[in-house]
Amino acid sequence: MIKTLSLAVIAGSMAFGTAAQAETRVTYKSAKSSSSYYQMAVQIAEGMKAGSDGAIIVTVEESQGSVQNVMEATVRPGNYVFTTPPVLVKLANAGKAMFKDKQNPKFADIRALFPIPSLTMHFVVRSDSGIEKFSDLEGKTILIGKGSFGAREGAKYLKLFGLEGKVTLADVELSNAVPALKNKQIDGFVTAGSYPAPNVIEAAAGTGVKVLSLSDDQIKKTKRTKLTIPADTYAGVGTDINTTSLPVVAYTTTNMDDATAYALTKTYWEQKAKLGENNAWWNGVSGKMLNNITGKIHPGALKYYKEAGIDVPASAQ
């Protein structure tokens, strides 16, 4: 687990048609410090440093979830970068769901930079809990967390699968999931993060877990994309895990100038292969994932994609 709540690292800049200018500071809002997305944010910052000359300072901030990240886009000045599933940007602009009665014209200023690994749903239970399938969750105590995409998605799945009101939801922060599981305060927890997820790795190594698979019918009900986590991704889990995923994108706003957006996007793609050598979750990211973007791509990022010959959907240009 990464205990530091914020991390300042030096990242670099490629000039946007001119020589590098004065030092630029960028804030990168990711997720909770125990999550895979926080680790990804740190890795991105380190990749920027490795592929740059130190002209951009990136500060990684912990977040309580994607909704908070999107809401802060309306008030953050300067170079604010944040991660969220594209669907939340769409909902924010439409004033629907969790953004109902929170409409703000500045949501229209959100612009995409690049895709990152997709959110992957994990339903983790103790190996000695007797839980083999979703129906076995009835009467059990499960931690789904608060405020995050994983918490909302977990609650949605329990309802879809006929378990609403039949499962005790633990009033514990997701950051405490692993010790709570080990101490048998809970029977399982739900987390959304690209695999291999750090908290699932920790739970598997220290407690022994099973990760529940969804049937094709259950996946269809969720209206999400099917994803298979390979066998042996987690210690003691020797079979493939069929679950769901949701695209995630790094966004900024029109407050970011074209040169900075270009520099961040170019350096990200140039460093992605090296990131994948150390963490497998980067290897599934490709230019095709730009098709998942909701809204427009920042002009600076778009310039890089055109130079690199990466196809960008017309709707995002």
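Reader: How are helix 1 and helix 8 oriented to each other?
Author: This is a predicted model. In it, the axes of helix 1 and helix 8 cross at roughly 105°. Angles of 65 to 115 degrees count as roughly perpendicular, so helix 1 and helix 8 are roughly perpendicular to each other.

Reader: And the axes come within what distance?
Author: Within 9 Å. Helix 8 covers residues 258-278, and helix 1 covers residues 36-50.

Reader: Which residues of helix 1 and helix 8 meet?
Author: From helix 1, Gln43, Ile44, Gly47, Met48 and Ala50. They meet Leu264, Thr267, Tyr268, Gln271 and Leu275 of helix 8. By class, that contact has six nonpolar, four polar and no charged residues.

Reader: Stay with glutamine 271. Buried or exposed?
Author: Glutamine 271 has 11% relative accessibility. The cut-off for buried is under 20%, so glutamine 271 counts as buried.

Reader: What is glutamine 271 in contact with, leaving aside neighbours within four places in sequence?
Author: Gly47, Ala50 and Gly51.

Reader: Back to helix 1. How many of its residues are buried?
Author: 11 of the 15, so helix 1 is largely enclosed by the rest of the structure. Among the buried ones are Tyr37, Tyr38, Met40, Val42 and Met48.

Reader: What is the reach of helix 1, first C-alpha to last?
Author: It reaches 21 Å, close to the 21 Å expected for its 15 residues.

Reader: Switching to helix 9. What do its buried residues pack against?
Author: Strand 5, helix 8 and strand 12. The buried residues of helix 9 are Gly300, Ala301, Leu302, Tyr304 and Tyr305. Just after helix 9, glycine 309 takes a positive phi of about 70°.

Reader: Where is valine 312?
Author: In the segment after helix 9. Valine 312 counts as buried because its relative accessibility is 15%. Leaving aside neighbours within four places in sequence, valine 312 is in contact with Leu290, Ile297, Leu302, Tyr305 and Gln317.

Reader: How far apart are valine 312 and asparagine 291 in space?
Author: 7.1 Å, C-alpha to C-alpha. Along the sequence they are 21 residues apart.

Reader: New topic: aspartate 171. Which side chain does it join in a polar contact?
Author: That of lysine 146, at 2.7 Å. Aspartate 171 lies in the loop between strand 7 and helix 5. At 62% relative accessibility, aspartate 171 counts as exposed.

Reader: What about threonine 141? How far is its C-alpha from that of aspartate 171?
Author: They are separated by 10.0 Å.

Reader: Where is aspartate 101, and what is its phi?
Author: Aspartate 101 lies in the loop between helix 3 and strand 5. Its phi is near 65°, a positive value. Aspartate 101 counts as exposed, at 68% relative accessibility.

Reader: And lysine 223: buried or exposed?
Author: Exposed, at 74% relative accessibility. Lysine 223 is in the loop between helix 7 and strand 10. Phi of lysine 223 is positive, near 60°.

Definitions and conventions
Residues are numbered from 1 along each chain as its sequence is written. This is a predicted model: local features need pLDDT of at least 70, side-chain atom pairs count only at pLDDT 80 or more; totals for chains, interfaces and linings use all residues. Side-chain values use heavy atoms; hydrogens and water are left out. Helices (H or I, at least four residues) and strands (E, at least two) are DSSP runs, numbered from the N terminus. Buried means under 20% relative accessible area, exposed over 50%, partly exposed in between (1.4 Å probe, protein chains only). Contact means heavy atoms within 4.5 Å. A polar contact is a pair of N or O atoms within 3.5 Å; within protein, one must be able to donate a hydrogen and the other to accept it, and residues adjacent in sequence count only if both atoms are side-chain atoms. The expected span of a helix is 1.5 Å times one less than its number of residues. Axes are lines fitted to C-alpha atoms, for helices over the stretch in contact, and angles run from 0 to 180 degrees between N-to-C directions. Angles under 35 degrees count as roughly parallel, over 145 as roughly antiparallel, 65 to 115 as roughly perpendicular and the rest as oblique. Ala, Val, Leu, Ile, Met, Phe, Trp, Tyr, Cys and Pro count as nonpolar, Asp, Glu, Lys and Arg as charged, and the others, Gly among them, as polar.
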